[in-house]
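Here is a walk through aromatic pairs and a nonpolar core. Please keep the model open while reading.

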Amino acid sequence: LASRLGVAGGLELLGGLLLAAGLFTRPVALVLACEMVIAYAIAHLPRGLMPLQNGGEVALLYALIFLFFALTPRTRN
């Protein structure tokens with residue numbers, strides 16, 4: 001669990017559970033967005049610049065979704 005993949009897996013498991021439960025949504029989404037950008041930079045970027053070329057389109061999609069969760073203002077009813 002101390003490896004990069006172990007830390008990423010732990011973040012994704014705990015973060016996914018917290019997002020599904022609606023707890024600490026904004027900070028968790030921001031942490032997961034940063035994780036996805038780092039994952040893209042480490043694992044996909046060395047294989048090419050374009051996401052469709054290097055297989056990193058899913059990591060960038062998740063990063064954008066998490067940024068949306070983190071930056072969308074709350075609505076009051």
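Phe68 is exposed, with a relative accessible area of 54%. Buried means under 20% relative accessible area, exposed over 50%, and partly exposed in between, using a 1.4 Å probe and protein chains only. Phe69 is partly exposed at 39%. Phe68 and Phe69 form a tilted aromatic pair, with 6.3 Å centre to centre and 50° between the planes. Rings of Phe, Tyr and Trp (its six-membered ring) pair if their centres lie within 6.5 Å; planes under 30 degrees apart count as stacked, over 60 as edge-to-face and the rest as tilted.

This is a predicted model: local features need pLDDT of at least 70, side-chain atom pairs count only at pLDDT 80 or more, and totals for chains, interfaces and linings use all residues. Residues are numbered from 1 along each chain as its sequence is written, and side-chain values use heavy atoms, without hydrogens and water.

The count of aromatic pairs is two. Why is the pair of Tyr62 and Phe66 stacked? Their ring centres are 6.3 Å apart and their planes are at 25°, so the pair is stacked. Tyr62 and Phe66 are four residues apart in helix H4, about one helical turn. Tyr62 is partly exposed at 42%. Phe66 is buried at 14%.

Phe66 also belongs to the largest nonpolar core, nine residues in all. Such a core is a set of buried Ala, Val, Leu, Ile, Met, Phe, Trp, Tyr and Cys residues joined through side-chain atoms within 4.5 Å. Helix H2 (25-44) and helix H4 (57-71) each give two or more residues. Helices are DSSP runs (H or I, at least four residues), numbered from the N terminus. H2 gives the largest share, five residues.
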